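Work through the following exercises with the sequence and the model at hand. Each task is followed by a stepwise solution.

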Amino acid sequence: MIVSKLFNKFFHSQTSGGILLIFCTAFSLLLANSPFAESYDSIWQVDMFGHSFAHWINDGLMAIFFFLIGLELKREVFVGELSDTKKAILPVFAALGGMLVPAFIFFLANKGTDTIHGFGIPMATDIAFAVAIITMLGNRVPLSLKVFLTALAVIDDLGAIVVIALFYPNPELPLDFTQFGIAIVILLGLFALNKLKVKNMIPYIIGGTAVWWFMLHSGIHATIAGVLVAFTIPFEKDDTKSLSAKMENALHIPVAFIILPLFALANTAITIDGGGLSHFSIPLATGIFLGLVVGKPIGITLFTFIAVKLGLCELPTAVNFKRVFGVGILGGIGFTMSIFVSMLAFKDPSYINEAKLMILVASLTAAVVGFIVLRILLTTRQDYSD
């Protein structure tokens, strides 16, 4: 299998970034449950140009993260796993199953309650954490399995972005069609620059910032602008000439080592009370935990099985359904995207705190179980035809 240098760089930056996220999360939880909790929380509430520091991270810096996801998705469509229709069907079906089944489980657990709106929380997969865990297994992991996990997670994130756009508008603003219309006009202008083969980065940065600004004030979550703008950036198969590849290359390090760690530090300062396992009796917590830990592997494996048996695609070399299930367990590491959705789904701080806690518990469970299962499955070479 031929894998581009850009994919390798993306994969390894996500690996190191995932390990850093683990430390940032542990540090944030420690301070949030220490005598310094109030001082730590005050850091993220500092006013900056009319908004808190945390707000700028979640609505500003995270748009850059989504922009990088958009660039990665675009690369996959043109030269990666999604460039061939038959190859693309496999991770698309897997991601679809990994979204629908967890959402359905959450729906069943929360039907008739005021937490039903959080159905999007267990639908997402955290690329950085999932890639970090599978990398810990070393050279025993086939490259094809790593590519499958990465493609699955990228498509999964795209699905989460669509869900955010459709079901989680900015809770602080009503939909403003004028602002939204201006953002779309600027976006069309950027597409026109692409068609005119303008390869200077400056117009895209200025235009992309403008799209983000008007989207921010339109009532639609501003991070959506990141993905939309990414698709306007000129792409060429030669990475040395491609503006898209250059921008993706430039963003790997700051996203993995600055933006996502800041997001983790600002949003995982969760106060853990003495309730312990009683949290699992709450429909919200149950839906999140079962959605991520049970729904993800079942959905990913089931939809992959259906796609293969219908003859729509085939499993890559060195990948079988048992290994797909193992990867599906890692898909239950929601973290970044799940926390992001939870803050959009609820206004009640207690619900947000509860959701974040269960996301951490479920993600940790998925990481540990997924690591153990894949370690067992990858100890020896197997027959991949099953």
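**Exercise 1.** Determine at which residue helix 3 bends and by what angle, then describe the span and the burial of helix 3.

*Solution.* Step 1: helix 3 bends by about 35° at M62, the bend at a residue being the angle between axes fitted to the seven residues ending there and the seven starting there. Helices are DSSP runs of H or I with at least four residues, numbered from the N terminus. The model is predicted, so local features need pLDDT of at least 70 and side-chain atom pairs count only at pLDDT 80 or more, whereas totals for chains, interfaces and linings use all residues. Residues are numbered from 1 along each chain as its sequence is written, and side-chain values use heavy atoms, with hydrogens and water left out.

Step 1: helix 3 covers residues 53-79, 27 residues in number, and its first and last C-alpha atoms are 38 Å apart. This is close to the 39 Å expected at 1.5 Å a residue; the expected span is 1.5 Å times one less than the number of residues.

Step 2: Buried stands for under 20% relative accessible area, exposed for over 50%, and partly exposed for values in between (1.4 Å probe, protein chains only).

**Exercise 2.** State which residues have the most contacts inside the largest nonpolar core, and list what I288 touches.

*Solution.* Step 1: a nonpolar core is a set of buried Ala, Val, Leu, Ile, Met, Phe, Trp, Tyr and Cys residues joined through side-chain atoms within 4.5 Å. The largest one has 111 residues, and F65 and I288 have the most contacts inside it.

Step 1: residues up to four places away in sequence are not counted; I288 then touches F106, I121, P122, A355, M358, I359 and A362. Contact here requires heavy atoms within 4.5 Å.

**Exercise 3.** Find how many disulfides the structure holds, and characterise the surroundings of C24.

*Solution.* Step 1: the count of disulfides, pairs of cysteine sulfur atoms within 2.5 Å, is 0.

Step 1: C24 belongs to helix 1 (residues 5-32) and is buried at 11% relative accessible area. C313 is also buried, with a value of 4%.

Step 2: apart from neighbours within four places in sequence, C24 is in contact with P261, A264 and L265. C24 and A266 are 242 residues apart in sequence, yet their C-alpha atoms are 9.6 Å apart in space.

**Exercise 4.** Is S144 buried or exposed, and which backbone oxygen lies 2.5 Å from a polar atom of its side chain?

*Solution.* Step 1: S144 is part of helix 6 (residues 143-167) and is buried, with a relative accessible area of 9%.

Step 1: the oxygen in question is that of T317.

Terms used:
Helix = DSSP H or I, 4+ residues; strand = E, 2+ residues; numbered from the N terminus. Polar contact = N/O pair within 3.5 Å; in protein donor to acceptor, adjacent residues only side chain to side chain.
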